[in-house]
Amino acid sequence: MDRPRFFTRQALAEGAEVELEAEPARHIARTLRMQPGDTLVLFDGSGSEHPGEIIAADKRSVTVRLRAPRAIDRESPLLVELGIAVSRGDRVDQVVQKATELGIARIAPLLTARGLNLLADRREKKRGHWQRIAESACEQCGRNRVPAIAEPQPLAQWVDSVDAPLRLVLDPRAEPRDLPAYAGAVALLCGPEGGLEEEEVTRAQAAGFGTLVLGPRVLRTETAPLAALAALQAKWGDLRF
């Protein structure tokens with residue numbers, strides 16, 4: 001896999017000359033100190049990536065001439081949508097970054113009883129912040145498709161909207177259970193620090209979610225969804241030992 005890689009929201013095409021957005025341009029010119037003639041890779045989330053050559057660079061702008069695209073698929077065959085409770089601190093940031101590396105398809109930040117009360121006027125700003133974290137994680141791990149980050153929403157709204165054939169809520173109080181032989185898509189629900197309230201677990205079960213326990217130890221809210229995602233990818237996805 002070629003390095004360095006950068007995400008852009010601009011549509012890419014062979015032969016095009018693309019002036020990059022301010023953030024990647026600043027990183028390329030000031031941090032990496034790349035110069036005209038240096039090569040890199042750009043991707044726009046559509047599934048392919050474009051090798052390119054820097055043809056102009058200064059402290060404020062970088063222009064890249066694109067070469068032929070490469071249709072490289074690094075996506076997992078298992079589609080997982082994660083509903084993660086919004087918590088205090090940077091816990092959701094960590095989950096978004098690592099879940100992207102593990103092949104998550106979509107992430108829905110959720111408003112729960114014990115989670116952070118995210119005011120309506122801050123939700124879109126936070127969603128954009130998490131989306132940029134996912135884009136940066138794709139640059140690092142080689143994915144050419146960026147998982148979508150939904151706007152924060154109430155837990156009840158999300159559990160009623162998902163249509164994955166297998167739906168699981170992480171609950172350390174649950175009894176161990178066997179998983180089906182195969183599931184092409186999974187909806188996974190994880191609570192905040194302190195866990196979901198019993199009423200929220202019951203609400204998810206009423207919407208078709210089965211409980212899932214990961215073992216004898218209680219995992220933190222930023223650890224549990226990643227452990228579950230890794231286990232699901234090893235069982236049905238592309239994680240190999």
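Leaving aside its neighbours within four places in sequence, with which residues is Ile-72 in contact? In this predicted model, the contacts of Ile-72 are Gly-47, Glu-49 and Asn-144.

**Ile-72 and its loop**

- Ile-72 is located in the loop that runs between β5 (62–66) and β6 (79–85).

**Helix α5 and its surroundings**

- Helix α5 spans residues 198–206, and its buried residues are Glu-200, Val-201 and Ala-204.
- Viewed down the helix axis, the buried residues of α5 fall within an arc of 100°, so they line one face of the helix.
- An α-helix has 3.6 residues a turn, so residues three or four places apart point the same way.
- Glu-198, Glu-199 and Ala-206 are exposed on the other side of α5.
- The cover over the buried residues of α5 includes one helix, α4 (155–161), together with the strands β10 (166–170), β11 (185–190) and β12 (210–212).

- Two aromatic pairs are found when the whole structure is searched.
- One of them joins Trp-158 and Phe-209 in a tilted arrangement, with 5.7 Å from centre to centre and 50° between the planes.
- This pair links distant parts of the chain: Trp-158 belongs to helix α4, whereas Phe-209 is in the loop between α5 and β12, and the two are 51 residues apart.
- Trp-158 and Phe-209 are both buried.

**Packing of α2 with α6**

- Two packed helices are described by the angle between their axes and the distance between the axes.
- For helix α2 (residues 91–101) and helix α6 (residues 224–236), the angle is about 10° and the axes are 10 Å apart.
- That angle makes α2 roughly parallel to α6, because angles under 35 degrees are counted in this way.
- On the α2 side, the contact is made by Val-95, Lys-98 and Ala-99; on the α6 side, by Pro-225, Leu-226 and Leu-229.
- Sorted by class, the residues in the contact of α2 with α6 are five nonpolar and one charged, with no polar residue.

Key
Residues numbered from 1 in each chain as written. Predicted model: local features only at pLDDT ≥ 70, side-chain atom pairs only at ≥ 80, totals over all residues. Heavy atoms only, no water. Buried < 20%, exposed > 50% of the residue type's maximum accessible area, 1.4 Å probe, protein only. Helix = DSSP H or I, 4+ residues; strand = E, 2+ residues; numbered from the N terminus. Arc of directions from axis to C-beta. Contact = heavy atoms within 4.5 Å. Phe/Tyr/Trp six-rings, centres within 6.5 Å; stacked < 30°, edge-to-face > 60°. Axes fitted to C-alpha atoms, helices over the stretch in contact; angles between N-to-C directions. Parallel < 35°, antiparallel > 145°, perpendicular 65-115°, else oblique. Nonpolar A, V, L, I, M, F, W, Y, C, P; charged D, E, K, R; others polar.
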